[in-house]
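Please read it alongside the sequence and the model.

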Amino acid sequence: MPIDKSLDLVSTKRPIQSNKDPIVARRTRLLARIGQQIEIVDAVIEGKPIRRDQRRMAKWWWQEGDRFLVAVYHARQPIELAKGKWAIQCSDFNGVGDALRKLAAMIEAGEFDAVVAERATAVRARFKRYNHQMSCPP
């Protein structure tokens, strides 16, 4: 195959990231999800239209009466923030964005690592059980 001589060719390949830390990977994914939630809240507060992909995304907040509640989800399940506490109460919609930003700072600090690791183990166990049931003949 003839290659254009003006291209500067080298014999280097892209390195494989085989030793990527799973804790950091989970934290990064959770931060990305919370960042998406913050984008949606900011768009609503500023009165900007919500993008099509954002409309399909499950919102982590809801309104009950005159208060707003915020929960954090991992693997489509809410994370228990404290013993028996699953949500954060906000007095108005602006508080939702503030609560999400504080949660993002806590996630970056690694305060959710243990809970997310436990949830990831439970999810993997569900897959193993499912795969085992599928591979065993009746």
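A pocket here is an open set of grid points, on a 1 Å grid over the protein atoms alone, with protein on both sides within 12 Å along at least five of seven lines. By that definition, about 300 Å³ of space lies in the largest pocket of this predicted model. The protein chain has 4 helices and 5 strands.

**Overall fold**
- From the N terminus on, the elements follow the order α-α-β-β-β-β-β-α-α.
- The protein chain has 138 residues, and 26% of them are buried.

**Largest pocket**
- The lining of the largest pocket consists of Arg29, Leu30, Arg33, Ala58, Trp60, Tyr73, His74, Ala75 and Arg76.
- Helix α1 gives the most to this lining, with 3 residues.
- Both α1 and β3 (73–74) supply at least two residues of the pocket lining.
- By class, the lining of the largest pocket divides into 5 nonpolar, 1 polar and 3 charged residues.

**Largest cavity**
- The count of cavities of 30 Å³ or more comes to 1.
- The largest cavity holds about 60 Å³ of space.
- Its lining is made up of Ile23, Arg26, Arg27, Leu30, Ile107, Phe112, Asp113, Val116 and Ala117.
- At least two lining residues come from each of α1 (22–46) and α4 (113–135), and the largest share, 4 residues, comes from α1.
- The cavity lining has 6 nonpolar and 3 charged residues, and no polar ones.
- Leu30 is in the lining of the largest cavity and also in that of the largest pocket.

**Salt bridges**
- Side chains of opposite charge can pair when their charged atoms come close.
- The model contains 6 salt bridges.
- Arg27 and Asp113 form a salt bridge, with their closest N and O atoms 2.4 Å apart. This pair links distant parts of the chain, since Arg27 is in helix α1 and Asp113 in helix α4, 86 residues apart. Both residues also line the largest cavity.
- Arg27 has a relative accessible area of 23% and is therefore partly exposed.
- Asp42 pairs with Arg101 in a salt bridge, where the closest N and O atoms are 2.7 Å apart. Asp42 is in helix α1 and Arg101 in helix α3 (residues 93–108), so the bridge ties together parts that are 59 residues apart in sequence.
- Asp42 is partly exposed, at a relative accessible area of 22%, and Arg101 is also partly exposed, at 38%.
- Glu46 forms a salt bridge with Lys48, and their closest N and O atoms are 3.1 Å apart. Lys48 counts as exposed because its relative accessible area is 51%.
- A network of salt bridges links Glu39, Arg51 and Asp53.

**Surface patch and a buried cysteine**
- A nonpolar surface patch is formed by Ile3, Leu7 and Leu9, which together have about 300 Å² of accessible area.
- Leu7 lies in the segment before α1. With a relative accessible area of 51%, Leu7 is exposed.
- Cys90 is part of strand β5 (residues 88–90). Its relative accessible area is 6%, so Cys90 counts as buried.
- Cys90 and Trp61 are 29 residues apart along the chain, and their C-alpha atoms are separated by 9.8 Å.

Key
Residues numbered from 1 in each chain as written. Predicted model: local features only at pLDDT ≥ 70, side-chain atom pairs only at ≥ 80, totals over all residues. Heavy atoms only, no water. 1 Å grid on protein atoms, 1.4 Å probe; cavity = no way out; pocket = protein on both sides within 12 Å on 5 of 7 lines; lining within 4 Å. Points joined across faces, edges and corners; volume = space filled by probe spheres on them. Nonpolar A, V, L, I, M, F, W, Y, C, P; charged D, E, K, R; others polar. Patch = residues over 30% accessible without salt bridge, like charges linked within 9 Å, V, L, I, M, F, W, Y side chains within 5 Å. Areas by Shrake-Rupley, 256 points an atom, 1.4 Å probe, with all protein chains shown as cover. Salt bridge = Lys/Arg side-chain N within 4 Å of Asp/Glu carboxyl O. Buried < 20%, exposed > 50% of the residue type's maximum accessible area, 1.4 Å probe, protein only.
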